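Please read the points below with the model open beside them. They are meant for someone who has not looked at this structure before.

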Amino acid sequence: LPSELSRLVLDHVAFRYRLVSSSPKSVAVSVWGPRGLERVLHGLSGKVGRLHFPPFGDMVIAWSYSGSAAIWNSTSGQELWRSSARNFIQHVAFLPGVGRLVGCLSNGSVMLWDVASGAK
């Protein structure tokens, strides 16, 4: 792992045991497996603010201090979805049954994204 980490999340669902990480100045997310670095995910427009592995599926969600958010397939690295907001996204939750992502923004508002269409 790199010597400087600002975010580190363990995916222990389905015995995958992967880590995702980012460094303090990075706009990329690194996915680590038992044998080392597996892939680097790009797509955020600013420094990585938070990382999340939902407790289902094979995804990693990241959001940035600039208000962008993205979802990738953590195995293939394929970007599944990307969007942005005008404020820093403080937290997100994915609603799997309806395919929506809920974000709490720094200005106190809540935003709901439809992952399939990208609509807010």
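1. Trp113 is buried, with a relative accessible area of 0%; buried stands for under 20% relative accessible area, exposed for over 50%, and partly exposed for what lies in between (1.4 Å probe, protein chains only). Trp81 also counts as buried, at 4% relative accessibility. The model is predicted, so local features need pLDDT of at least 70 and side-chain atom pairs count only at pLDDT 80 or more, whereas totals for chains, interfaces and linings use all residues. Residues are numbered from 1 along each chain as its sequence is written, and side-chain values use heavy atoms, with hydrogens and water left out.

2. How do the rings of Trp81 and Trp113 lie, and what is the angle of their planes? A pair of aromatic rings is described by the distance of the centres and the angle of the planes. Rings of Phe, Tyr and Trp (its six-membered ring) pair if their centres lie within 6.5 Å; planes under 30 degrees apart count as stacked, over 60 as edge-to-face and the rest as tilted. The count by this rule is one aromatic pair. The centres of the Trp81 and Trp113 rings are 5.7 Å apart and the planes stand at 70°, so the pair is edge-to-face. The pair links distant parts of the chain, with Trp81 in strand 8 (residues 79-84) and Trp113 in strand 11, 32 residues apart.

3. On the overall make-up, the protein has zero helices and eleven strands. Helices (H or I, at least four residues) and strands (E, at least two) are DSSP runs, numbered from the N terminus. Of the 120 residues in the protein, 41% are buried. The accessible surface comes to about 6300 Å², and carbon and sulfur atoms hold 55% of this surface; the areas come from the Shrake-Rupley method with a 1.4 Å probe, and for residues only the protein chains shown count as cover. Among contacts (heavy atoms within 4.5 Å) with a separation of 6 or more, 27% join residues 24 or more positions apart.

4. Strand 10 (residues 100-105) pairs with strand 11 in the antiparallel sense over five bridges. Leu101 stands opposite Trp113 in this pairing, and Arg100 stands opposite Asp114. The two strands form a hairpin with four residues between them, and Gly108 in the turn has a positive phi of about 90°.

5. Strand 9 pairs with strand 10 in the antiparallel sense over six bridges, and Ile89 stands opposite Leu105. This hairpin also has four residues between the strands, and Gly99 takes a positive phi near 65°.

6. Which residues touch the most other members of the largest nonpolar core? A nonpolar core is a set of buried Ala, Val, Leu, Ile, Met, Phe, Trp, Tyr and Cys residues joined through side-chain atoms within 4.5 Å. The largest core has 15 residues, and Ile61, Ile71, Trp81, Ile89, Phe94, Leu101 and Trp113 touch the most other members. At least two core residues come from each of strand 6 (59-64), strand 7 (68-73), strand 9, strand 10 and strand 11. A second, separate core has twelve residues, including Leu44, Val48, Leu51 and Val60.

7. Strand 3 (residues 29-33) and strand 4 (residues 36-41) pair in the antiparallel sense over five bridges. They form a hairpin with two residues between them, and Val29 has Leu41 as its bridge partner in strand 4. Ser30 lies in strand 3 and is buried, with a relative accessible area of 15%. Not counting residues up to four places away in sequence, Ser30 touches Leu19, Val20, Ser21, Leu37, Arg39 and Val40.

8. Is Pro34 buried or exposed? Pro34, in the loop between strand 3 and strand 4, is exposed, with a relative accessible area of 74%. The C-alpha atoms of Pro34 and Leu19 are separated by 9.1 Å, and the two residues are 15 residues apart along the chain.

Technical notes. Two strands pair if DSSP finds at least two bridges between them.
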